[in-house]
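Good morning. I will go through one protein model, and I will keep to what can be computed from it. Please look at the structure first.

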Amino acid sequence: MTAPLTPRDNQPPEEPRHPEAAPAADHGGLGGPELARELREGALIALLVAVTGVLLGLLWNWLAPHVPLVADTRNVYLKNTEGEEAIGADGTFLLLAFAFGVLTTAVVFLFRRRGGIPLVVALVVGGLLGATLGWMTGMWLGPTPDVVAHAKQVGPGVVFDGPLRLQAKGALLAWPMGAMVTQLVLSALFGPRDPMPEAPYWLQGQHGEQGPEGQHAQQAPQDRETPQAQQAPPAQETPQQEVPDRLREHHDRKPPAEG
C-alpha cells in the first residue's frame with residue numbers, strides 16, 4: 001500500500017500548460033508613460049471645458065428672466081408677488097448647463113474617440129468647474145446684488161431688476177450629468193469594440209475547430225473508414241444443414257447381411 005502523492009508544503013500541483021497557450025501579458029506598473037499621457041490630456045480637457053463656463057454665464061444673464069423690484073422710501077418689494085422669475089432663472093441655468101455638457105462632450109469625443117477613466121474624470125471635473133464659473137459670471141454680469149443702493153439710485157416707485165441668483169444649487173450638476181450621458185451614448189454607438197475572446201484550448205479540443213482545418217480533421221476519419229467497409233470480404237456462411245444431413249445418412253445405412 002503506497003501513500004498518496006502529497007505536494008510539498010501542502011501546495012496544489014501546478015496545472016499543465018498547453019504548448020500553444022500564449023503567456024500572460026505584462027501590463028507593467030500603473031505609472032507607465034501611457035497613463036502619464038492620459039493624465040496630461042485629461043487635465044487639458046478639464047481646463048478647456050471649464051473655460052467654456054464663461055459663455056454659459058453670458059447666455060444665462062441674457063436669457064434668464066430677471067426679478068422686477070420696486071421700492072418706496074423705506075423698503076424694497078417684489079412688483080409681482082406671484083411671479084415665477086426666480087424659478088425661471090434656475091430652469092434656464094439647468095437647461096443651458098445640460099446642453100453645454102452634451103456639446104462639450106460631443107466635441108471631445110469627435111477629436112478623441114478613446115475612453116478611459118482619466119477622460120471621464122476630466123469631463124466631470126471640467127463640467128463642474130464650468131458650471132460654477134458660469135454661475136459666478138452670470139451673477140457678476142447681472143444687476144448689482146446691493147438692492148438697497150440700487151433702489152436709492154433709481155428712486156422710489158421705479159421698477160428695477162433684482163440680482164440674478166441661483167436658488168437651486170443642485171443645478172450645478174446638470175453639466176456633469178449631461179456629459180456622462182453623452183459619453184455613454186457615444187461610446188456605445190461609435191466607440192471602439194474589444195475583440196472577442198478566443199475559446200480555451202481544452203474547449204477547442206472537445207468541440208473541434210470550426211475552420212477548414214477542423215472540418216478536414218472531422219471528415220478524415222470518416223473517409224478512412226469508408227474504403228475499409230467497402231473492401232471487407234463477405235462473411236462465410238456456416239453450413240448449418242449440411243452436418244445434420246450427413247448424420248442422417250450415416251444412421252440410415254444398414255449393416256451388410258451375413259451370409
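The mean pLDDT of this protein is 75, and 64% of its residues reach 70 or more. For those new to the term, pLDDT is the predictor's confidence in each residue, from 0 to 100. This is a predicted model, so to speak of local features we need pLDDT of at least 70, and side-chain atom pairs count only at pLDDT 80 or more, while totals for chains, interfaces and linings use all residues. Residues are numbered from 1 along each chain as its sequence is written, and side-chain values use heavy atoms, with hydrogens and water left out.

Where is confidence lowest, and where is it highest? The lowest mean, 49, belongs to helix α8, residues 212–231, and the highest, 95, to α2. Over residues 18–29 the pLDDT is below 50, and beyond near neighbours in sequence that stretch has 3 contacts in the model. A contact means heavy atoms within 4.5 Å.

Next, the overall layout. The protein has 9 helices and 3 strands. Helices (H or I, at least four residues) and strands (E, at least two) are DSSP runs, numbered from the N terminus. Along the sequence the pattern reads α-α-β-β-α-α-α-β-α-α-α-α. Among contacts with a separation of 6 or more, 80% join residues 24 or more positions apart. Of the 259 residues, 25% count as buried. Buried means under 20% relative accessible area, exposed means over 50%, and partly exposed is in between (1.4 Å probe, protein chains only).

Now the aromatic rings. A pair of aromatic rings is described by the distance of the centres and the angle of the planes. Rings of Phe, Tyr and Trp (its six-membered ring) pair if their centres lie within 6.5 Å; planes under 30 degrees apart count as stacked, over 60 as edge-to-face and the rest as tilted. How many such pairs does a search of the whole structure find? It finds 2 aromatic pairs.

One is W60 with F93: the ring centres are 5.0 Å apart and the planes are at 70°, so this pair is edge-to-face. W60 lies in helix α2 (residues 53–63) and F93 in helix α3 (residues 85–111), so the pair ties together parts that are 33 residues apart in sequence. W60 is buried, at a relative accessible area of 0%, and F93 is buried at 0% as well.

The other is F100 with W175. Their ring centres are 5.5 Å apart and the planes are at 50°, so this pair is tilted. F100 lies in helix α3 and W175 in helix α6 (residues 174–190), so this pair ties together parts that are 75 residues apart in sequence. Both F100 and W175 are buried.

These two residues come up again with T52, which sits in the loop between α1 (33–51) and α2. Leaving aside neighbours within four places in sequence, T52 is in contact with F100, T104 and W175. T52 is partly exposed, with a relative accessible area of 29%. T52 and G134 are 82 residues apart in sequence, yet 8.2 Å apart in space, C-alpha to C-alpha.

Last, T105, also in helix α3. Is T105 buried or exposed? At 0% relative accessibility, T105 counts as buried. Beyond neighbours within four places in sequence, T105 is in contact with L123, A179, T182 and Q183.
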